[in-house]
Amino acid sequence: MSAGLPGDGTTSPPRPLRASRTTPDETGRITAMDTQDRLRQLPKVDELLRHPDVEALLAAHPRSLVLDALREAIDVSRARLLSSETALYDEGELLAEARSRAALKALRSLRPVINATGIVVHTNLGRSILSERATAAVAEVASSYSTLEYDVVTGERGSRHVHCESLLCKLTGAEAAMAVNNNAAAVMMAIAALARGKEAVVSRGQLVEIGGSFRIPDIMRESGATMVEVGTTNKTHLRDYENAITERTGVLLKVHSSNFRVVGFTNEVGLEELVPLGRKHGVPVFEDQGSGVLVDLRPWGLPYEPTVGESITAGADLVSCSGDKLLGGPQAGILVGRADIIRKLKQHPMARALRLDKMTLAALEVTLRTYLDPETTLAEIPTLRMITAPAEEVATRAHALAARLAGTCGEAAVVDTASDISRAGGGALPLADIPTTVVRVSAHAIGPVELERRLRLGSPAIVARIKEDRLLFDVRTLLEADEEPVIARIAAILAGAE
Ligand SMILES: *Cc1c(COP(=O)(O)O)cnc(C)c1O
């Protein structure tokens, strides 16, 4: 790209220009007009600011944003004039460019997306969405002063830990609990508190990587613990742990293999064996449970996933999990377990650095409260509602959406439905194939790749997936309110309106 063209952010002078031979003037006569003359037609920003269209932009957007959009639009026009000897300055084109650039700049960077992928806990799309009650609590606490660290009974300073601790204890059976920024932080702090300068024993089959930057060996190193690997990739036995225990052992760590499974000739040591071993040697057993599942989802046809409460019942001294995976709340790392260990964690210097803010605490408290009433838990928490939605219900919704879409698109596209698979996602229930029905769209004038791209770039952004040359929309992850904009945006794109 040469200097001074749009997007490169420079304002260098145009490169030396050749004289153009001929260009038509307004009357269609061919006259000689050199490139300098044509570039002189470009307006100055100050002139554009007086144009009624630009005044309208200024009424809608901050001045600095409009100025940037105008400068970029002028750059685009200049590049066009330089690109061809017959190009003429077009004011309408420049203003349209400025309008669309201003509109893009006005969009928030972090903004809602319609998730039509069928991946419920989609890490890139923000994992769990909050329930209505949790969302309302966030807004309330954000826009007013709160009891964050204030005890209304004594009128004195309180602790931010109280808001979720008793709920977590009630829901898991643990003695004590706390919550930090995320599960990676929870694991790091727990290992630092239990095994800094000591050894942490872990099975080779559990040295997992979750989402790139969370790798157990790295976390160990950063926590100041020496990792002692035991067993093999596929098999670890109780005697492997027992042989590794010395007076330097600080913790026996068990990590849930959230996003993969070792199948075939395998053996993992369960808590029922690990806990007595830890007790015998006076070494705490810490389980990174991962998903934060609090209720058994087998009645909804999902595979068995041990709940946090089951780990506590099995005697784990400490259990950690995420707040925004299958628990269905905000991003958080939850730690439940023995009172003396949690006390130590609350006093750990890292606890201050990893603490939760009031908005997250509000969302977490309300999400946890929803679990107190099992009748409403599944219906109210979007992640659980989506994962457990029966296949027939999803099929009915898909057929209804397909019919409306077909009606709106008419001849422009072939719309039908097909059986497919949804995923829990987010490193949870990796082997669960959740049967679903997808709406498939195959447009005549526009390919699936281009349709997918435009849906993703427009507003609201819609993320769908391509399979066998068709664009697929999984209604399992669509909210009721998403259906209207999905239909409207597909129709607008097919009609050439966006
Ligand atoms: C997801 C996961 C983590 C990381 O949790 P974040 O909340 O994303 O920090 C750690 N351990 C396990 C087993 C997980 O599944």
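Buried area is the accessible area (1.4 Å probe) that two parts lose on being put together, summed over both. The structure is a predicted model, in which local features need pLDDT of at least 70 and side-chain atom pairs count only at pLDDT 80 or more, while totals for chains, interfaces and linings use all residues. Residues are numbered from 1 along each chain as its sequence is written, and side-chain values use heavy atoms, without hydrogens and water.

**View 1. Domains of the protein.** The domain assignment, which is automatic or from a database, gives domain 1 (35-106), domain 2 (113-122 + 388-494) and domain 3 (132-380). The centres of domain 2 and domain 3, taken over C-alpha atoms, are 35 Å apart.

**View 2. Where domain 2 meets domain 3.** Contact (heavy atoms within 4.5 Å) joins 10 residues of domain 2 to 15 residues of domain 3. Between them the two domains bury about 1,100 Å², with 79% of this on carbon and sulfur atoms. On the side of domain 2 that touches domain 3, seven residues are nonpolar (Ala, Val, Leu, Ile, Met, Phe, Trp, Tyr, Cys or Pro), three are polar and none is charged (Asp, Glu, Lys or Arg).

**View 3. Surroundings of the ligand.** Residues with a heavy atom within 4 Å of the ligand include Arg-127, Phe-214, His-256, Asp-288, Ser-322 and Lys-325. An N or O atom in the Asp-288 side chain is 2.6 Å from a ligand nitrogen atom. Ligand oxygen atoms lie 2.7 Å from an N or O atom in the side chain of Ser-322 and 2.7 Å from a polar side-chain atom of Lys-325.

Definitions and conventions: Polar contact = N/O pair within 3.5 Å; in protein donor to acceptor, adjacent residues only side chain to side chain.
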